[in-house]
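Colleague: Could you walk me through how the terms are used here? I would like to see each one set against its cut-off.

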Amino acid sequence: MEIIKNYLDTMFTSLPDADEVRRAKEELYQMMEDKYLELKSEGRSENEAIGIVIADFGNIDELKEELCQEKEPMTFAEKETEVKKVSLSQAREYVESVKRVSVFFAAGVMLCICSPAFLIFLSGLSEIHLIGENVAGCLGLLMLFGCIAIAVALFLYSDSCMSGNEYLKEGNFILDDGVGIYVENEKKGKRQLFSTLRIAGVILCICSVMPLLGFSFLDNGFISIITVCLLLLLVGMGAALLSCAGKMEESYQILMKEEDFKRDVRKKKKQKERLSSVYWCMITAVYLGWSFWSRSWGITWIIWPVAGVLYGAVSSIFSAILRED
């Protein structure tokens with residue numbers, strides 16, 4: 001119950017230390033405690049019970065009006081930058097929206113990574129003369145660009161769902177009384193989920209090379225192509241889990257202005273995002289150009305793991321340059 005008590009202390013900070021206010025605070029605490037015990041008796045977890053209690057009793061604007069108190073006036077700096085105040089209901093809605101959108105975003109990431117697998121697989125079928133080379137190329141390209149088109153549609157849909165929350169990523173907001181306690185408590189409750197998703201994602205990425213290495217001794221071109229397709233599938237699944245966990249955890253970091261969303265870090269992150277967009281567009285262009293020119297789809301896939309390793313080096317160099325500036 002310490003979390004609820006701290007939450008109420010924060011909520012009542014802006015009210016005067018008067019007998020009427022103290023009585024109202026005690027009554028509200030008793031109501032929240034009764035609701036908490038009722039939820040616990042129903043089998044709810046501690047974090048879930050606290051979240052429901054805060055959601056049900058977390059807004060005291062009406063109570064402030066009854067106590068003839070005015071809301072704390074916005075400072076001049078806040079007015080100048082049009083700082084918005086995020087209420088508990090808005091914070092809850094934002095977190096839930098990100099949770100829904102993260103699934104679409106993760107699916108888009110997986111489709112982007114797996115999209116060359118169809119082309120590689122069909123090129124393998126053409127090498128063993130099950131289908132013609134031209135048919136394999138046409139169908140493979142159609143499926144490749146089809147997957148990319150669906151992925152882009154998913155990314156655009158995800159952005160449109162979050163279009164009204166740009167000010168949160170910009171950090172142009174302040175949290176209402178007690179919202180920070182709620183967000184921090186929710187983040188702690190989801191920590192195990194984020195860790196599980198990340199561990200599963202990393203394991204899938206690491207294990208993705210095992211089929212390729214395991215069947216390399218067979219010296220069979222078609223089996224090698226199958227293992228490359230499996231590699232892309234496992235990497236896509238791992239990246240989807242990592243991106244899903246990252247998106248959900250990011251929503252809490254945005255609200256708390258932590259990690260990459262601190263004021264001094266935000267500008268550098270935007271510059272790195274631009275670098276990432278340019279880098280991967282160039283890699284895709286090189287991959288397609290090399291593949292069409294050489295017609296060696298079973299070999300040109302190697303550009304992706306190499307590009308992934310190089311991106312880490314490029315990103316580190318870019319970060320070092322930003323720090324020097």
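Colleague: Which residues is L255 in contact with, leaving aside its neighbours within four places in sequence?
Modeller: They are A91, Y94, V95, L168, F173, L175 and V183, where contact means heavy atoms within 4.5 Å. Do keep in mind that this is a predicted model, where local features need pLDDT of at least 70 and side-chain atom pairs count only at pLDDT 80 or more, while totals for chains, interfaces and linings use all residues. Residues are numbered from 1 along each chain as its sequence is written, and side-chain values use heavy atoms, with hydrogens and water left out.

Colleague: Why is S243 called buried?
Modeller: Its relative accessibility is 13%, and buried means under 20% relative accessible area, with exposed over 50% and partly exposed in between (1.4 Å probe, protein chains only). S243 therefore counts as buried. This serine sits in helix α12 (helices are DSSP runs of H or I, at least four residues, numbered from the N terminus). Not counting residues up to four places away in sequence, S243 touches F105, A106 and V109.

Colleague: What makes α6 and α9 roughly parallel?
Modeller: Their axes cross at roughly 25° and come within 9 Å; axes are lines fitted to C-alpha atoms over the stretch in contact, with angles from 0 to 180 degrees between N-to-C directions. Angles under 35 degrees count as roughly parallel, over 145 as roughly antiparallel, 65 to 115 as roughly perpendicular and the rest as oblique, so α6 and α9 are roughly parallel to each other.

Colleague: Which residues make that contact?
Modeller: L88, A91 and R92 of α6 meet V179, Y182 and V183 of α9.

Conventions. Helices (H or I, at least four residues) and strands (E, at least two) are DSSP runs, numbered from the N terminus.
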